[in-house]
Amino acid sequence: MDAKQKRLLLMLNGAIVIYEGISDELLPLLYKPENRHLLTAFDLIGSALHWMRQETEKA
């Protein structure tokens, strides 16, 4: 893994930490019926972040 890949992985892990850190605050707001699209978007972002980390661990 070169320096650029290490920086990208560090950024990815930082994004996951931020995502997981704010989820406790956001989820109660997102579970309201009028925010269902925002909840879906938030879930998709989390899934994408975790998928990217899983893919980097395979390489």
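**Figure 1. Packing of helix α2 against helix α1.** In this predicted model, the buried residues of α2 pack against α1, the helix that covers residues 3-30. Within α2, the residues that are buried are Leu39, Phe42, Gly46 and Leu49.

**Figure 2. A salt bridge between Lys58 and Glu55.** Side chains of opposite charge can pair when their charged atoms come close. The count in this model comes to one salt bridge, in which the side chains of Lys58 and Glu55 meet at 3.1 Å, taken from N to O. Both Lys58 and Glu55 belong to helix α2, where they lie three residues apart, or about one turn of the helix. Lys58 counts as exposed because its relative accessibility is 60%, whereas Glu55, with a relative accessible area of 30%, is partly exposed.

**Figure 3. The largest pocket and its lining.** The largest pocket, with a volume of about 230 Å³, is lined by Met1, Gln5, Leu8, Leu9, Met11, Leu12, Met52, Thr56 and Ala59. The elements that give two or more residues to this lining are α1 and α2, and α1 gives the most, with five residues. Sorted by class, the lining of the largest pocket has seven nonpolar and two polar residues, and no charged residues.

Technical notes: Residues are numbered from 1 along each chain as its sequence is written. This is a predicted model: local features need pLDDT of at least 70, side-chain atom pairs count only at pLDDT 80 or more; totals for chains, interfaces and linings use all residues. Side-chain values use heavy atoms; hydrogens and water are left out. Buried means under 20% relative accessible area, exposed over 50%, partly exposed in between (1.4 Å probe, protein chains only). Helices (H or I, at least four residues) and strands (E, at least two) are DSSP runs, numbered from the N terminus. Contact means heavy atoms within 4.5 Å. A salt bridge is a side-chain nitrogen of Lys or Arg within 4 Å of a carboxyl oxygen of Asp or Glu. On a 1 Å grid over the protein atoms alone, a cavity is a set of points where a 1.4 Å probe fits but cannot get out, and a pocket is an open set with protein on both sides within 12 Å along at least five of seven lines; lining residues have an atom within 4 Å of a point. Grid points are joined across faces, edges and corners, and a volume is the space filled by probe spheres set on the points. Ala, Val, Leu, Ile, Met, Phe, Trp, Tyr, Cys and Pro count as nonpolar, Asp, Glu, Lys and Arg as charged, and the others, Gly among them, as polar.
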